[in-house]
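Visitor: I have a new model open and would like to go through it with you. Could you take me around?
Guide: Gladly; here it is.

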Amino acid sequence: MNKPHLKWTETGNKQVFDCKIFSVNESYCKSPAGNEPQTFTVIDAKDWAIVVPVIETPKGKQFLMVWQWRHGSKCLSLEFPGGVFEPGENPEQAAARELYEETGYKPQKIKKIGEFSPNPAIMSNKVHFFLAEDLIDTGKQELDEDEYVEIALMDEKEVIQGMGKPPFVHALMGTALALYNQESLQKE
């Protein structure tokens with residue numbers, strides 16, 4: 001979609017803060033009308049992968065999820081596994097690695113089901129979503145030094161009905177679930 005009358009033009013930028021997870025930059029942009037540049041704050045972060053791991057059980061479909069503490073909201077959150085890309089990884093590699101590290105499971109089938117900008121008003125990165133099936137349990141996690149997670153198998157229906165209420169409070173998990181539902185509808 002080409003709408004040049006809405007496009008801003010960056011004339012420069014400057015990094016004002018940098019940390020392990022992201023950097024904050026000032027972006028100097030001219031409006032579509034060509035006015036003097038205005039300053040906008042942009043968070044530059046690496047891309048992320050989020051995986052929806054599905055296990056078929058006699059009780060029906062279950063999601064392999066993880067409990068983890070979230071410092072921003074100061075609460076426990078029940079989430080699909082995921083994390084930041086490592087240098088040189090493609091999205092599928094990052095998704096499979098994050099699934100393995102956080103849960104100890106390796107997917108036999110992994111499929112990209114979507115990609116979003118987590119907050120395009122202020123963030124430059126993308127989140128890549130995957131469906132993982134035919135999982136093999138290796139019996140061991142490989143967590144990062146500062147990562148504390150507990151694995152949980154959750155009934156598909158319970159997650160769908162609970163999304164948006166504690167402990168399913170992470171907005172990107174709602175996006176992952178919507179993409180999973182979209183994928184499920186396409187299979188019907």
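Guide: One definition before we start: two strands pair if DSSP finds at least two bridges between them, and helices (H or I, at least four residues) and strands (E, at least two) are DSSP runs, numbered from the N terminus. This is a predicted model, in which local features need pLDDT of at least 70 and side-chain atom pairs count only at pLDDT 80 or more, while totals for chains, interfaces and linings use all residues. Residues are numbered from 1 along each chain as its sequence is written, and side-chain values use heavy atoms, with hydrogens and water left out.

Visitor: Fine. With that definition, what is the bridge partner of F17 in β2?
Guide: F17 has V24 as its bridge partner there. Strand β1 (residues 9-18) pairs with strand β2 (residues 22-30) in the antiparallel sense over eight bridges, and the two form a hairpin with three residues between them.

Visitor: And which strand do eight bridges join to β2, running antiparallel?
Guide: That is strand β3 (residues 38-45), antiparallel to β2 and joined to it by eight bridges; within this pairing, N25 stands opposite V42 in β3.

Visitor: Let me step back. How many helices and strands are there in the protein?
Guide: The protein has three helices and 10 strands, and along the sequence they follow the pattern β-β-β-β-β-β-β-α-β-β-β-α-α. The C-alpha atoms fill a box of roughly 65 × 40 × 35 Å, taken along the principal axes. Of the 188 residues, 36% count as buried, where buried means under 20% relative accessible area, exposed over 50% and partly exposed in between (1.4 Å probe, protein chains only).

Visitor: New topic: how much space lies in the largest pocket?
Guide: About 1,400 Å³. A pocket here is an open set of points, on a 1 Å grid over the protein atoms alone, with protein on both sides within 12 Å along at least five of seven lines, whereas a cavity is a set of points where a 1.4 Å probe fits but cannot get out; lining residues have an atom within 4 Å of a point. Grid points are joined across faces, edges and corners, and a volume is the space filled by probe spheres set on the points.

Visitor: Which residues lie nearest the centre of that pocket?
Guide: Of the 41 residues that line the largest pocket, I21, W48, R70, G83 and V84 lie nearest its centre. At least two lining residues each are supplied by β3, β4 (48-57), β5 (60-70), β6 (75-79), β7 (82-84), α1 (91-103) and α3 (171-187), and the largest share, four residues, comes from α1.

Visitor: What is the lining like by class?
Guide: The lining of the largest pocket has 20 nonpolar, nine polar and 12 charged residues, counting Ala, Val, Leu, Ile, Met, Phe, Trp, Tyr, Cys and Pro as nonpolar, Asp, Glu, Lys and Arg as charged, and the others, Gly among them, as polar.

Visitor: And how many cavities of 30 Å³ or more does a search of the whole structure find?
Guide: The search finds one, and the largest cavity holds about 40 Å³ of space. Its lining consists of V54, K61, L131, E133, Y180, E183, S184 and K187; β9 and α3 are the elements that give two or more residues to that lining, and α3 provides the largest share, four residues.

Visitor: Since α3 has come up, which of its residues are buried?
Guide: The buried residues of α3 are L172, M173, A176, L177, L179, Y180 and E183. They cover an arc of only 160 degrees around the axis, which puts them on the same side of α3; the arc is that of the directions from the helix axis to the C-beta atoms. The face turned away from this buried side carries the exposed residues A171 and L185.

Visitor: Is K74 buried or exposed?
Guide: K74 counts as exposed, because its relative accessibility is 60%.
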